[in-house]
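Biologist: I would like to learn how to read a model of this kind with some care. Could we go through it together, one feature after another?

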Amino acid sequence: MSDLLLPPEHRYAKVIEEKRNEDGSELSILNLGPTHPATHGIFQNILLMDGERILDAEPTVGYIHRAFEKIAENRPFYQINVLTDRMNYCSSPINNMAWWMTVEKLLNIEVPKRAQYLRVIVMELARIADHLICNSILGVDTGAYTGFLYVFQFREKIYEIYEEICGARLTTNMGRIGGFEREWSDEAFKKLNTFLEEFPIAWKEFENLFERNRIFIDRTVNVGPISAEKAMQYGFTGPNLRAAGIDYDVRKAAPYSSYEDFEFDVPVGKSGDTYDRFCVRNAEVWESISIIKQALAKLPDGPYHADVPDYYLPPKEDVYHNMESLIYHFKIVMGEVPVPVEEIYHAVEGGNGELGFYLISDGSRTPYRLKMRRPCYIYYQAYPEMIKGAMLSDAIVILSSLNVIAGELDA
Amino acid sequence: MALENIFIQEKLSQKFGNSVKNFAAMRDIFTLEANKDNIHEIIQFLKEDEELNFHFLTDLAGIHYPDNTVEEQFAVTYQLHNWIENTRIRIKVFLNGENPEVQTITDLFLCSNWMEREAWDFYGIKFTGHPQLKRILNMDEMVSHPMRKEFPMEDGGRTDKDDRFFGRTPVNC
């Protein structure tokens with residue numbers, strides 16, 4: 001049996017036995033996690049250490065595995081949306097919209113321009129929330145708590161906008177097949193405009209606190225670098241890949257939901273280290289703000305959902321007073337809708353990279369197979385290599401700069 | 001300019017003959033079926049050929065088809081992406097139902113390591129040559145492969161959930 005199949009602690013015990021340092025000191029095993037305040041989630045890593053240097057690591061994943069793919073095989077499309085919320089819970093609207101777009105692609109539904117633009121707005125808001133959490137927590141991990149406090153209230157503001165749109169805050173379950181469940185309220189637009197006025201000031205302040213900060217630079221530059229080739233080999237996508245210098249962005253490569261209508265840059269880094277990842281996310285937040293502003297300025301009038309009575313729930317008042325609507329409501333909720341037999345792959349640019357749904361439909365009420373391409377799961381396997389040779393405190397910083405979200409990792 | 005499907009098809013057919021078949025454009029993704037015996041060579045060719053250059057492994061998924069013949073009860077799909085030409089391709093390999101086994105591609109793509117472990121964990125598909133083929137999301141002590149269709153989603157002994165009254169039969173719920 002190969003040594004790699006052994007539990008890591010046994011494998012490392014062998015190494016410790018074999019390698020004794022000349023001065024009599026020996027290597028040690030450190031169990032980091034599964035629950036540790038510095039890892040922001042349930043991540044376990046068994047580390048082989050020489051003093052404070054990490055020689056090898058093995059992550060254990062699956063602590064919050066909830067079998068989403070299995071559940072999805074037993075649920076109609078509407079009920080799968082709530083599962084997607086719980087993947088990357090820092091930017092759940094992106095997951096929701098990605099799922100609806102996958103279903104719409106399968107059902108050949110054309111979404112009205114207004115709904116597409118509204119989707120762009122909410123997805124970019126979610127991206128801001130995602131990057132904001134990642135970067136401010138990275139600050140906390142390097143010992144700078146203040147920046148976190150400056151910007152974190154804006155996540156609350158974003159959640160208030162979500163609340164106006166769909167009523168929920170964290171796990172949003174936003175949208176429907178073909179658009180949104182209701183028109184956005186005036187209050188939502190008002191809150192959005194206030195956010196767009198206030199947030200850039202705070203974000204600028206946040207950037208000023210960090211980007212030229214000597215302590216922060218010392219802690220992050222050349223910490224956990226990854227080359228472009230390696231990043232590609234390891235399946236990196238999103239900000240972490242772009243920090244290594246590759247400008248792959250699904251929004252540009254395969255524009256969905258009218259992203260082709262907006263002008264934005266794809267910020268790239270160079271060395272792929274923690275500092276570059278931080279800067280790329282910062283820059284992306286500015287791009288997101290610009291996209292939201294463009295979308296608001298160009299927001300067309302029109303319906304907020306596609307006219308697809310087979311899949312879109314009828315208005316509630318009709319359900320109470322109209323037989324046809326009641327029947328459709330029941331059929332849609334129970335998933336008794338016509339579905340073509342096809343295989344679909346749809347990808348969006350999630351907070352962490354290419355979030356894809358590979359949906360195999362056999363024409364029944366549930367997907368035959370739904371494979372979720374979760375960016376975190378794929379790039380987290382590079383983590384042991386990235387922390388090799390680093391200090392323990394660097395490992396924490398690298399983990400938080402990768403923005404590994406436990407919910408997305410384990411699905 | 002994206003790569004033409006017909007160009008990819010000709011190139012692959014020329015090189016691998018009958019090992020690649022059932023070419024089809026499924027919406028935006030060109031799809032083909034490959035023989036499991038030379039899947040490694042096919043993917044290596046797709047990756048390393050200068051014109052094709054499918055250098056990024058987007059996804060790897062196991063699938064269970066219990067209703068197929070024994071020879072085709074499992075499948076693995078590989079989705080490759082050429083970022084320069086912005087072209088995706090999907091390769092499907094059918095595997096034996098009793099002993100699903102296929103060559104690993106971990107030597108070509110580092111990221112396939114965990115993806116293959118996931119397929120092993122959930123479907124019991126064995127990737128020969130994989131350096132560390134052990135369970136990943138489920139606990140090590142588990143004996144079954146839970147994404148197989150015969151594995152029930154819920155404990156069958158539950159009495160508090162009776163869906164028969166809502167038009168669902170055991171087949172579709």
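Modeller: Let us begin with burial: of the 173 residues in chain B, 39% are buried, where buried is assigned if 20 or more other C-beta atoms lie within 10 Å of a residue's own, exposed if 12 or fewer, and partly exposed in between, with C-beta atoms placed from the backbone. This is a predicted model, in which local features need pLDDT of at least 70 and side-chain atom pairs count only at pLDDT 80 or more, while totals for chains, interfaces and linings use all residues. Residues are numbered from 1 along each chain as its sequence is written, and chains are lettered from A and ligands numbered from 1 in the order in which they are written.

Biologist: At what angle do helix 7 and helix 12 of chain A pack?

Modeller: Two packed helices are described by the angle between their axes and the distance between the axes. Helix 7 (residues 186-210) and helix 12 (residues 274-298) of chain A pack at about 165 degrees, with their axes 11 Å apart; axes are lines fitted to C-alpha atoms, for helices over the stretch in contact, and angles run from 0 to 180 degrees between N-to-C directions. Helix 7 and helix 12 of chain A are therefore roughly antiparallel, a word kept for angles over 145 degrees. Among the residues making the contact are Trp203(A) of helix 7 and Ile289(A) of helix 12, where contact requires C-beta atoms, placed from the backbone, within 7 Å.

Biologist: Where is Leu209(A) placed, and which residues is Leu209(A) in contact with beyond its sequence neighbours?

Modeller: Leu209(A) lies in helix 7 of chain A and is partly exposed, because 16 other C-beta atoms are within 10 Å. Leaving aside neighbours within four places in sequence, Leu209(A) contacts Ala144(A), Thr146(A) and Gly147(A).

Conventions. Helix = DSSP H or I, 4+ residues; strand = E, 2+ residues; numbered from the N terminus. Parallel < 35°, antiparallel > 145°, perpendicular 65-115°, else oblique. Contact = placed C-beta atoms within 7 Å.
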